[in-house]
Amino acid sequence: MTIKKIQEEIVDEFSMFDDWMQRYEYMIDLGKSLPLINEAYKTDDNIIKGCQSKVWVHAELQGGKLVFTADSDAIITKGIIAILIRAFSDQTPQDVIEADTGFIDEIGLKEHLSPTRANGLVSMVKQLKLYAVAYQTQLNLK
Amino acid sequence: MAFDVTKIRKDFPILKRQVNERPLVYLDNAATSQTPQQVIGAIVDYYHNYNANIHRGVHTLSQEATDKYEQARIKIQQHFNAVKAYEIILTSGTTHSINIVANGFSSLVNKGDEVLVSAMEHHSNIVPWQMLCERTGAVLKVVPMSLEGELLMNEYDKLLSGRTKLVFCNHVSNALGTVNPIKEIIEKAHKVGAVVLVDGAQAAPHIKTNLQELDVDFYTVSAHKMCGPTGVGILYGKEELLNKLPPYQGGGEMIAEVTFEKTTYADLPHKFEAGTPNICGGIAFGAALDYMNNIGFDAIATYEHELLVYATERLLEIEGLKIYGTAKDKTAVISFNIEGLHPYDIGSILDKLGIAVRTGHHCTQPIMDFFKIPGTVRASFSFYNTLEEVDVLVEGVKRARAMLL
């Protein structure tokens, strides 16, 4: 499925919620079900610097596609990463580079985009894109 | 005058606000306090009627603004009981105040001298001294604290010596609420000839500080934590010490005479007040002190203690909740965590319920490291909070716990 299609799916799911409680409960559930990152990758190098919670992201290329794994010590943050991973993992680096991120606004997570939120959603998206750029550069060199 | 919280709340327009479709419950007072109509009125009055630059204009507006600004300085002097009004330097806030002293002492401290800080300082009362030590070769030593969040005074005694040049301590800890025994700290420091700076940012909103009685050398306050505006605060310093300190910033206002060969500095307080100050802010700070004194600091302290006792008791009902900072003498600040939960998650859910708390390390990473936690949820109360708001907080935390666990 394309990134765009997956994002539409996520927006559809979120549109079924009536209030913030349901939205948060869903994110908490997503956070709890996020496949954990391999402990070996939970290194300080893989930490995305956010002020309040720790976020680790690892990326690797499998058959030409980028696969992201991640973890956080805060559960809501983990839920947000789970959504991002669903939208961007298992795609080619080029597609991740070009992907639009407007769906984050549409699912009511806009408040988490503010840099003062300090949960690093902005940094997370940036980090995923940086990984994509790095791997694409590697592919181009081959 | 009897303390009437319902009446007091009417003075604060922001308390009528809704956040996320719920009545705002503002419990982040240790970060910044809210502003009563009386102070907002003073700000509006300034811009409506006599906005002008001070200390140099011959025209009427400038005279009026200068008079009001200097009257505010006298109000501040009287409130904190300083000997002279010119010992009150108006700054942009506590951080600025501390930096004036730390910078000034660079030329007064030598290699091998010792500088003591308490284990529960805000970053703003650690970093400037680390920088001072880097510049001068002085050694930074830390006065440790107990698990309750009280300074270990016997360790302090051991650290004090003839080498101790400076001692820094907050009056009240922003993360734990501990009221430190600063009178004893000051007396002991003076016996070895050390100079003491007390960061009063968290104490001034709750305790009426008497500078002469404390015999403190330097004391710092931020107006925005005590019903005043942001961007203004004070550095109090004893006259002889302020005279010894070199100026921090050069510019207009702080000079007596300037030629390209030599500049002589102005007298106190202007030596440390380069450039156009926050005139409106200074005047509004005076109005904030009037407002709080009108309610009365004794009444405020009694009421806030009641809030602290009730909130502590009710929060402890919650399973797995642990309070950090259980000193015998503390202000109405409660830092807590719930077993298995990240403070950020709790804070996010409380926000959705209209409850404003602070989460994180509160600019006190050494304290968090001491307790081996990433941060806490901090509810900090003011005299305009109510017992009912404590109940809303407790219900909110219970709900967050149920959602997150």
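Reader: What order do the strands of the open sheet of seven strands in chain B have?
Author: The order is β4-β10-β9-β8-β7-β5-β6 (chain B), with mixed pairing. A strand here is a DSSP run of E with at least two residues, and a helix is a run of H or I with at least four, numbered from the N terminus. This is a predicted model, in which local features need pLDDT of at least 70, side-chain atom pairs count only at pLDDT 80 or more, and totals for chains, interfaces and linings use all residues. Residues are numbered from 1 along each chain as its sequence is written, while chains are lettered from A and ligands numbered from 1 in the order in which they are written.

Reader: How do you know that β4(B) and β10(B) pair?
Author: Strands pair if DSSP finds at least two bridges between them. Four bridges join β4(B) to β10(B), so the two count as paired. They run antiparallel, and B:Leu90 stands opposite B:Ile234.

Reader: Which element of chain A has the highest mean pLDDT, and which the lowest?
Author: On this confidence scale for each residue, from 0 to 100, helix α4(A) has the highest mean (94) and strand β1(A) the lowest (80).

Notes
pLDDT is the predictor's confidence in each residue, from 0 to 100.
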